[in-house]
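Reader: I have a two-chain model open and would like to learn how to read its features. Could we walk through them together?

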Amino acid sequence: MVAPMRTERYLSWHWRSRQVTALSLFFLMLAVIFFAAPHTAGAQASDPEFQSKVLHSTIAELEQRLDQMLNLNGYFDFEYFIDDKRNSPSHFRQHHVSLFLSKRIGRWRIFTELEFEDGADLSASGSQASGNGTIKMEHGWAEFALRKRLDVRVGKILLPQYWNVNHYPSSVLSTHRPLMVRKVFPADTTGLMVQWRQTVGLMGSTVNLYVGNGQSPDSSRTDDNVNKATGGNLRVHLDRVFSCLRKADVGVGHYSEFSPSAGGTVDVTGVDLQLSTRRFELLAEGAFTHSGNSREGFYLQPSTVLSGELRSFYRYDSYDSGISRLTRHTVGLNYRPMPQVTVKLEGNHNRDSALQAEEYLGLATSVALFF
Amino acid sequence: MARLLSIALLITSCIWLLSPPALAQEQEFILIGHPDIPVTHLSPKTLNRIFTKQLTHWSDGTPVVPVELSRGAAREAFFDHVIGVSANAAKTYWINQLMTNGQRPPKSFSMSILVINFIYQTPGAIGFVAADTETGERVRRISVD
């Protein structure tokens, strides 16, 4: 009987001591948490690593919120023209107010340019519209990054010839655009374009292939072209081959469509060249049609930095419409007091080979603001 | 004769002291990258492609994430001496890119410490900071060939 009693006492003592130990540990932990917690938080707050992580998380969160917002930019330009043509009064022109809306959603990008041209003042009722100016979507597309060097773009797309893409008053040197632009090579199509970038050794290349509606009226909505308009552009980047050049791009493009409204097959080839060093730049572009209405044109535009943000340029333009040949010499200055503001002044001499056409001198000045 | 030599020496010393040496210009910024990026030195041409977002991936497939200082002498020096255009011309380039292609410029921060923190936390990131910045061990210094 003694042994079980001893055992019971031992177990009871043992159990009680374990309870005491557990209670002690519990209170000890509470004390540690109570005393140590504020100290740890304080240490974390002063730890540069912790601060860096908090800062990075805050920035990442802000960026995420900004990415979810729609980006809105645009430009405004205002021009003044005077020339010595008969019956041609000088005039001001509030040319563009354009709004760029863009947004990135994962691997998708959406971009639209809405253009209000010539102080648009339009009213419409049913099928009747009246007023002045133009409101249009210059281009608008959605792009999906299929692979790291392969994108697919759908929508109203600018065709990838040099001045077609780089035509904005805030970025080009002159007020007037070259004579041939948009008259030989079409400016845009509504359809699908694939862009593929590849580097081979020191040479980079960009290939664009597109299929879309032809140049028929209402081409953003419908098409009278059974086979669709097709084309492509190969642009070779040679700046790493010629180390003395900051930029050396050569592009060649072709566009083809069978358009009943244009009177049959239209085949156009275009080439462009951009060479630049720190102070000098040479732009050249040409295009010609192979069939149908014969048209061709080219321009050559060397420019140089005079000082700081002041550039001077000369451009020789030629455009042959098949009926007459227009030529123009332009000399001008382009000044950027800040990256968003461009002030331009240019003089030009124009000549038309048609018999009745007159030769005249012109002056153009403009200011363009990006916002 | 000695007087002439002294004057010539004085003028030469003044010119030497007043003219900014090329090395000092190069040292106005430090190029840094995330510790895991697979490069230790880069050429100005490659940096040009990185900061114009034409080079989009490192050789190991990690996306390239360029980051800039938004202002200051380091920014001016980096664009002027490495990229080969003025900092303003770089802004103009991005205005053009935004209009023609919807492309946005690299992220930018106003302080070097923020650039370092961003690069440390972002795989594939590369950027430049002011030369007097203590970069520490968290980022990798990259030399410009």
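Author: Gladly! Let us start with pairing: two strands pair if DSSP finds at least two bridges between them. Helices (H or I, at least four residues) and strands (E, at least two) are DSSP runs, numbered from the N terminus. By that rule, E1(B) and E6(B) pair in the antiparallel sense through three bridges, and Leu31(B) stands opposite Ile142(B) in E6(B).

Reader: Before we go on, what kind of model is this, and which conventions apply?

Author: It is a predicted model, in which local features need pLDDT of at least 70 and side-chain atom pairs count only at pLDDT 80 or more, while totals for chains, interfaces and linings use all residues. Residues are numbered from 1 along each chain as its sequence is written, chains are lettered from A and ligands numbered from 1 in the order in which they are written, and side-chain values use heavy atoms, with hydrogens and water left out.

Reader: Thanks. What is the strand order of the open sheet in chain B?

Author: First the general idea: strands of a sheet pair through backbone hydrogen bonds, either parallel or antiparallel. Here six strands form an open sheet with mixed pairing, in the order E2-E6-E1-E5-E3-E4 of chain B. At the edges are strand E2 (41-42) and E4 of chain B, each pairing on one side only. E2(B) runs parallel to strand E6 (residues 140-144) of chain B, with two bridges joining them; Leu42(B) has Val144(B) as its bridge partner in E6(B).

Reader: Which helices pack on that sheet?

Author: Contact is the term to know here (heavy atoms within 4.5 Å). Axes are lines fitted to C-alpha atoms, for helices over the stretch in contact, and angles run from 0 to 180 degrees between N-to-C directions. Helix H3 (residues 44-51) of chain B packs on the sheet, touching strands E1 (29-33), E2, E3 (65-69), E5 (125-130) and E6 of chain B, and its direction makes about 105 degrees with that of E5(B). H6(B) also packs on the sheet, where it touches E1, E3, E4 and E5 of chain B and makes about 160 degrees with the direction of E5(B).

Reader: Is E1(B) enclosed or open to the outside?

Author: In a regular strand the side chains alternate between the two faces of the sheet. For accessibility, buried means under 20% relative accessible area, exposed over 50%, and partly exposed in between (1.4 Å probe, protein chains only). Five of the five residues of E1(B) are buried, so the strand is largely enclosed by the rest of the structure. Phe29(B), Leu31(B) and Gly33(B) point one way, Ile30(B) and Ile32(B) the other. Five bridges join E1(B) to E5(B) in an antiparallel run, with Phe29(B) opposite Ala130(B). In E5(B) you will also find Ile126(B), buried with a relative accessible area of 0%.

Reader: Which residues of H2(A) are buried, and which are exposed?

Author: An α-helix has 3.6 residues a turn, so residues three or four places apart point the same way. In H2(A), the buried residues are Ser52(A), His56(A) and Ile59(A). Seen down the axis of H2(A), they fall within an arc of 65 degrees (taken from the directions from the helix axis to the C-beta atoms), so they line one face of the helix. Arg65(A) and Gln68(A), on the other side of H2(A), are exposed.

Reader: What covers the buried residues of H2(A)?

Author: The cover includes strand E4 (107-109) and helix H6 (112-121) of chain B. The axes of H2(A) and H6(B) come within 10 Å and cross at roughly 85 degrees.
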